[in-house]
Amino acid sequence: MATILEVKNLRKCFNLHILNDKKIEALVDVNFTMEEGEIVGLTGKSGSGKSTLMKTIYRTYLANSGQINYLSNTFGIIDLVSANEHKILQLRRNEITYCSQFLKVIPRITAIDVVADTIVKKESDRINAREIATDLIKTLGLPVELWDAFPSTFSGGEQQRINIARAIIAKPRFLLVDEPTASLDTKTKDIVIQLILDLKKKGTSVLLITHDEYTLKKLSDKQIHLQLGQILEQIYA
Amino acid sequence: MIENKKFNTSYNYAFIDETTKKEIRRKLLKAVCIPGYQVPYSSPEMPIARGWGTGGLHVTLAIIGKSDTLKMIDQGSDASVNACNLRDFVHMTTGCATTYDTIEATIIQTRHRITEEQLTDKQIMVFQVPMPEPLRMVERYEYKTRQMHAESDYAKMWLTLYEAFVKWGAVMHGADYPVMVHDRYIMAPSPIPRWDVPNLNNAECLYLFGAGREKRIYAIPPHTKVEPLEFEDVKFHIEDFSDVKCASSGYNAAYMDEMFQDDGI
Amino acid sequence: MLYNENNTTNDWVLKVENLTKIYGNYTENTIANTGPDKGTNICPETGSIVACAEISFELYPGEVLGIVGESGSGKSTIVKQLFFDMDVTMGSAFIRPFLNGTVNIFEESNQKKRYMRNHLMGMVYQNPRDGLNFSFSSGGNIAEKLLMADLFHVGKIRERASDLLNKTEVPVTRMDDLPAYFSGGMQQRVQIAKAIANNPPLLFLDEVTSGLDVSVQARVLDLIRGLQHELGIAMIVVSHDLSVIRMLTDRTLVLKHGRIVERGLTDQILQDPQHEYSQLLVSSLL
């Protein structure tokens with residue numbers, strides 16, 4: 001099994017110029033690796049740096065120093081910290097998918113189209129994409145009346161399901177997911193967990209943030225516990 | 001008797017002085033070298049008002065000689081008022097022969113028609129042109145139209161034809177239909193009807209165009225390609241006279257003109 | 001993050017190097033005397049105005065680049081120069097579809113520039129009067145672009161014009177109406193139809209929705225987004241509105257006083273702005 005992700009000496013510090021150059025150290029010397037097909041759970045108290053770490057890997061945040069070596073199908077081993085924006089965009093389109101904690105959408109797009117958009121961008125076959133999207137949100141138990149409604153008006157759990165659906169539908173090589181099962185009932189939790197495990201069977205590697213012990217136990221092969229921006233311990237399941 | 005020498009100066013042959021004639025001839029040469037390109041020239045003052053054929057006169061007087069025979073057409077007729085006026089003027093200042101017969105003439109000055117007879121390589125046709133710039137309808141600034149000609153930027157011209165077709169189902173330009181000369185310049189052939197436009201293409205004779213008011217000269221040398229602007233699917237067509245005949249002679253194959261008689265018919 | 005020559009790949013569709021526009025006389029100190037750290041566009045020595053300077057970036061096929069900044073930051077100047085609406089003081093640009101990107105487009109003859117404008121680029125202006133000819137019908141405006149791209153078949157022109165008007169959600173029955181009889185949003189959509197008529201690989205959008213009502217703005221932006229997904233055109237979107245940038249673009253350049261102060265992925269600029277000015281802009285989002 002190859003190492004798909006190697007994080008070395010990662011440091012992230014926020015420099016807020018408009019607050020008189022206030023500096024906030026979010027990640028301090030983070031080191032860990034992930035193997036292909038592994039599911040790694042990130043845990044820690046609020047504010048320990050879990051989302052920051054994930055966003056830094058996805059390049060939404062710029063790391064100050066360190067390396068994030070990712071094994072890509074297109075480029076081989078590439079350092080996501082210093083890589084060219086064009087390459088990052090290609091990776092985001094084809095290999096890496098990030099699922100945020102909250103659903104952020106344009107309020108005019110229907111639920112099916114939100115989910116279908118991910119694959120439409122890749123293949124431009126809107127009709128086929130909508131079919132696949134419909135199947136997926138059916139599996140997730142979203143009521144039929146809501147399929148053509150706007151997700152910005154949904155309940156937390158319904159929004160969460162759309163959020164997960166649009167990440168899973170892309171079948172990425174590397175999935176970053178932030179709190180996938182928050183605000184879901186047990187039955188839907190199991191469905192989501194099963195979907196992620198299905199992805200793992202197909203070769204996807206997953207980095208997952210969760211507070212939920214149940215999800216953590218069911219999914220993660222390895223747990224990384226963060227505290228104040230540093231790795232406290234790595235536990236193997 | 002004391003001769004009044006001060007006010008008795010006679011005019012130069014063909015009215016225009018030799019230096020100006022030289023300038024016009026030079027510009028004519030340039031025009032012949034660049035078919036369809038409008039060459040600016042001095043357009044000297046004439047005893048005839050602008051808009052009555054001064055441009056054509058300039059060209060005719062610059063090239064005419066004692067052995068030439070002149071035919072003058074205006075409004076499509078040799079006998080029209082202005083044609084007579086101009087013909088007399090040229091005869092008075094040059095003493096050359098004049099005629100109504102196309103075959104006899106060596107220089108033909110015209111407005112509004114090309115002769116029905118085919119012209120030979122011994123003849124020159126001079127056009128009086130009111131508006132030499134074909135792009136004037138789409139672009140009012142002179143500096144811009146010059147640039148458009150220089151860069152072959154004729155999309156706006158094509159667009160007017162397209163718009164006319166779309167609005168009225170046919171390209172409505174009846175006279176002065178824009179033509180493409182030598183695959184390079186778009187030219188205004190003066191207000192000749194569509195019927196006459198094919199005569200410009202690959203002709204034996206030399207065509208010269210003079211616009212006195214606008215001060216431009218242009219030319220189409222013999223055997224030059226002159227094509228009316230047309231689309232791939234909307235082609236140029238001439239007027240159709242298959243259903244009418246001349247009232248006095250019964251002739252059918254010439255451009256038919258309508259004339260009103262005294263009883264209003 | 002500094003712009004690094006070694007950081008580039010070679011499959012760009014547009015590459016701009018050191019694009020500079022200065023109004024007035026300038027010396028070798030003029031550029032150094034102006035800019036965001038000096039807080040001004042006007043050179044204290046010569047009084048000349050540095051509209052934009054040292055602008056370098058690449059655009060890749062199918063990607064959307066946003067240029068954001070306040071009024072006077074030089075964003076429209078950049079696209080106007082690229083579209084040959086304005087002369088360049090210094091700098092070069094290369095377009096891949098034109099001679100494989102080996103020649104500086106600013107040094108080409110007028111004829112070649114016209115060719116590039118008509119065949120390889122499209123531009124949508126903020127004011128429809130700049131992009132449309134109001135004395136021709138809206139279908140005629142699209143036809144003009146097609147005629148400039150050497151299509152001389154009336155039937156095909158009308159077919160393509162109808163097709164484009166359908167795509168931009170303008171009723172085809174209004175194809176022969178003058179643009180003066182359209183609403184602002186519809187005029188913009190006709191402009192967009194005209195700009196993409198010749199299937200250009202590059203599209204420039206200069207503040208296209210500033211001045212439109214919010215619902216109309218949303219519709220026009222949705223249209224642009226949809227077209228971009230469908231046709232995969234590389235676009236440069238100029239706007240002072242960060243929400244437009246957020247909706248349409250993949251990467252962004254932040255401009256201040258004519259210089260690029262920050263460049264990066266759009267979500268990174270919006271969530272983790274590094275430069276002081278970008279942080280100010282982002283915090284000013286309503």
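The questions and answers below take up the terms in turn.

Q: What kind of model is this, and how are its parts numbered?
A: This is a predicted model, in which local features need pLDDT of at least 70 and side-chain atom pairs count only at pLDDT 80 or more, while totals for chains, interfaces and linings use all residues. Residues are numbered from 1 along each chain as its sequence is written, and chains are lettered from A and ligands numbered from 1 in the order in which they are written.

Q: Why is A:L91 called buried?
A: A residue is buried if 20 or more other C-beta atoms lie within 10 Å of its own, exposed if 12 or fewer, and partly exposed in between, with C-beta atoms placed from the backbone. A:L91 has 23 C-beta neighbours inside 10 Å, so it counts as buried. A:L91 sits in helix α2 of chain A; helices (H or I, at least four residues) and strands (E, at least two) are DSSP runs, numbered from the N terminus.

Q: What does A:L91 touch, not counting residues up to four places away in sequence?
A: A:L91 touches A:S72 and A:I96 on that count. Two residues are in contact if their C-beta atoms, placed from the backbone, lie within 7 Å.

Q: How many residues of chain A are in contact with chain C, and which helix gives the most?
A: 17 residues of chain A are in contact with 24 residues of chain C. Helix α2(A) gives the most to this side of chain A, with 4 residues. By class, this side has 8 nonpolar, 5 polar and 4 charged residues. Here Ala, Val, Leu, Ile, Met, Phe, Trp, Tyr, Cys and Pro count as nonpolar, Asp, Glu, Lys and Arg as charged, and the others, Gly among them, as polar.

Q: What makes up the side of chain C that touches chain B?
A: 17 residues of chain C are in contact with 14 residues of chain B. Helices α3 (110-119), α5 (138-148) and α6 (154-167) of chain C each supply at least two residues of that side. Helix α5(C) gives the most, with 6 residues.

Q: How do α5(C) and α6(C) cross?
A: Their axes come within 9 Å and cross at roughly 115°. Axes are lines fitted to C-alpha atoms, for helices over the stretch in contact, and angles run from 0 to 180 degrees between N-to-C directions. The residues making the contact include C:I142 and C:L146 of α5(C) and C:A161 and C:L164 of α6(C).

Q: Which residues touch the most other members of the largest nonpolar core?
A: A nonpolar core is a set of buried Ala, Val, Leu, Ile, Met, Phe, Trp, Tyr and Cys residues joined through C-beta atoms within 7 Å. The largest has 88 residues, and C:L14, C:L59 and C:I236 are among those that touch the most other members. Strand β2 (residues 49-59) of chain C gives the most to this core, with 7 residues.

Q: How do you know that β6 and β10 of chain B pair?
A: Two strands pair if DSSP finds at least two bridges between them. 3 bridges join β6 (residues 179-181) of chain B to β10(B), so the two strands meet that definition. They run antiparallel, and B:V181 has B:V226 as its bridge partner in β10(B).

Q: Why do β7 and β10 of chain B stand at the edges?
A: The 3 strands form an open sheet in the order β7-β6-β10. β7 (185-187) and β10 (226-228) each have a single partner strand, so one side of each is left without a neighbour in the sheet.
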